Amino acid sequence: MKKNLVYILFFIGFITYAQQSPISVEVDTTAIKIGEQIEYKISVSEIKNVLFSKLQLDSLGKVEVVEDLPVDTIKNRLEKKYLITSFDSGVYVIPQQEIVINNKKFLADSLLINVATVKVDTTKQKMYEIKSIKREPKTFDDYKPWLWWIIPVVLLLILGLYLIFRKKEKKPKVKIQIPPIQEALQRLKELDAKELVKQNKIKIYYSELTDIVRTYIEKDIKIPALESTTNELLETITDFNESSKLGISKETLKQLKTILQSADLVKFAKSKPEANEINGDRLIIEDILKDTQTAVLAKRKEMQAASGTSTENNFEIPVAPVKKKNNILKYILIAIGVLTLLFGTLGYFGYQYIKENFIGATTSEMMSKQWYTSSYGNPPVVIQTPEILEVKSVNLPDNGVTSIGDFAHFEYGSMVGDFYIGLSTINFISEMDNLNFEGAVQGSIAQVEAAIGSKVTNVKTEKIDFNGIEGREVTANFKSKNELTQKEASYKINMVIYADKNALQQVSVVHLDNDKSAAEVKDRILKSVSINR
């Protein structure tokens, strides 16, 4: 009976305490249909040193936050509103929410919400077949992306056709006629350089040797020597020598016959002459060429003297000078094509894409765009930011390696740009007994001064607390050259540092001092910081 009385007194005391709680929870309704929204409001009868924890939803994860609205100050009260919904029917419990006021924890009342399905009376509602997706009619805007590609492609095609089919200045063909005797003697030298005899390639050697003399006879005397047999060639050249009175000696014709017949024996009867015979045949061929050339030149001089005209056909045609073309028009067309392609690409991808991925959003645009809620580092820091922070590598000082177990640094932008966000987490290897916040603040300021290359002024520090974790809020100013405008600008630093014996977490925001939109972005970022241990 006493125990029951104690429990009754406990619950009476709890209810009395709850009635005196400075926290109240209100909703516009507790019963909704699937997809409808509930305005969930937490009111606090204090305006100073109040910390709202992250909203805790049902354990099944069926209730979702549609929008997390900023904290409003109404007279002597703070109001925090959330828009929540659910897309699964059922009854769900929104648990008690923890609020810290003046370093004391208070719990708000839990809430029961009912989510109902939408009833459809199939007896009254006619059922129809599922219709296929109907596409919207095409408009000119639908073809704009293609237009940005078609224009440069057409221009490049026109340029290519112009370069291909334009009238080109005909270059005079350079005809250099080498006298047959020079060609034959050159081929003999090249045959010697091959050293076919040393390689025991006698058949190939004699084939090339006879081909040299046959080619010369065909080119200089105009006798079809290449396609004639040995007997046919000897008969033809003998008859032509007598009829035209060319003047080739009988000894030369006899030597030619001997060489051609010996070559036939090597090529077709597998004859293998001695080395001295091969060398002798090589010298005889050269003599045949020179003797024949002497006879041919003498005959041509005789004919020239008789007719009074030149019959010499072995001469070199002079090379006509080639005029240099003016390529200015070509370069202009190429430049126009490249610029058109460049502007077409920019138009296709859009200014917004280039701005978001290369230039970056302005602070006024940051407030209206989608924000990201992410967890960074170890121990994790949950924070809302307009852009995802990127992990960066940082060299730790030698005296910090032995005490720091895990360190991570994330950031967006540049300290001397228009807007900067930095986040660092440190996990100590062993527990730190004496926390020196003043030293941490001084070290952070020194880091900033080293990064910007100028002095930080007007440093102000205020003690803060988050769920029993002590911290410091730091504000300061500095002047430095803006890396975008290359002009000196005034900046403001806003920094929060939380630390206990196991870890340290720090969030920094740097922005232009005269940028009001940046101040709003900063406030939203720092208010969203949630520290986990």
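Q: How many helices and strands does the protein come to?
A: The secondary structure comes to 13 helices and 21 strands, and since this is a predicted model, everything that follows is a computed description of that prediction.

Q: And what share of the residues counts as buried?
A: Of the 533 residues in the protein, 33% count as buried. The protein exposes about 35300 Å², with carbon and sulfur atoms supplying 55% of that area.

Q: Which residues make the nonpolar surface patch?
A: The patch, of about 890 Å², is made by Phe-140, Tyr-143, Trp-146, Leu-147, Ile-150, Ile-151, Val-154, Leu-155 and Ile-158. Trp-146, one of these residues, is found in helix 2, which covers residues 140–165.

Q: Is Trp-146 buried or exposed?
A: Trp-146 is exposed, because its relative accessible area is 58% and the cut-off for that class is over 50%.

Q: Switching to salt bridges, how many does the structure hold?
A: The structure holds 18 salt bridges. Among them is the one in which the side chains of Arg-187 and Asp-211 meet, at 2.7 Å from N to O.

Q: Which helices do Arg-187 and Asp-211 lie in?
A: Arg-187 lies in helix 3 (residues 180–194) and Asp-211 in helix 4 (residues 202–220), so the pair ties together parts that are 24 residues apart in sequence. Arg-187 is partly exposed at 25% relative accessibility, and Asp-211 is also partly exposed, at 27%.

Q: What about Lys-290, which residue does it form a salt bridge with?
A: Lys-290 forms a salt bridge with Glu-286, their closest N and O atoms being 3.2 Å apart. These two residues are four apart in helix 7 (residues 275–307), which means that about one helical turn separates them. Both also belong to a network of salt bridges that links them with Asp-192 and Arg-282.

Q: Which residue stands opposite Lys-463?
A: Arg-472 in strand 18 stands opposite Lys-463. The side chain of Arg-472 also meets that of Glu-470 in a salt bridge of 2.9 Å, N to O; Arg-472 counts as buried at 11% relative accessibility, whereas Glu-470 is partly exposed at 28%.

Q: Last one: which side chain does Thr-363 join in a polar contact?
A: The side chain of Thr-363 joins that of Asp-515 in a polar contact of 2.8 Å. Thr-363 is found in helix 10 (residues 363–368) and is buried, with a relative accessible area of 9%.

Technical notes:
Residues numbered from 1 in each chain as written. Predicted model: local features only at pLDDT ≥ 70, side-chain atom pairs only at ≥ 80, totals over all residues. Heavy atoms only, no water. Patch = residues over 30% accessible without salt bridge, like charges linked within 9 Å, V, L, I, M, F, W, Y side chains within 5 Å. Areas by Shrake-Rupley, 256 points an atom, 1.4 Å probe, with all protein chains shown as cover. Salt bridge = Lys/Arg side-chain N within 4 Å of Asp/Glu carboxyl O. Buried < 20%, exposed > 50% of the residue type's maximum accessible area, 1.4 Å probe, protein only. Polar contact = N/O pair within 3.5 Å; in protein donor to acceptor, adjacent residues only side chain to side chain. Pairing = 2+ DSSP bridges.
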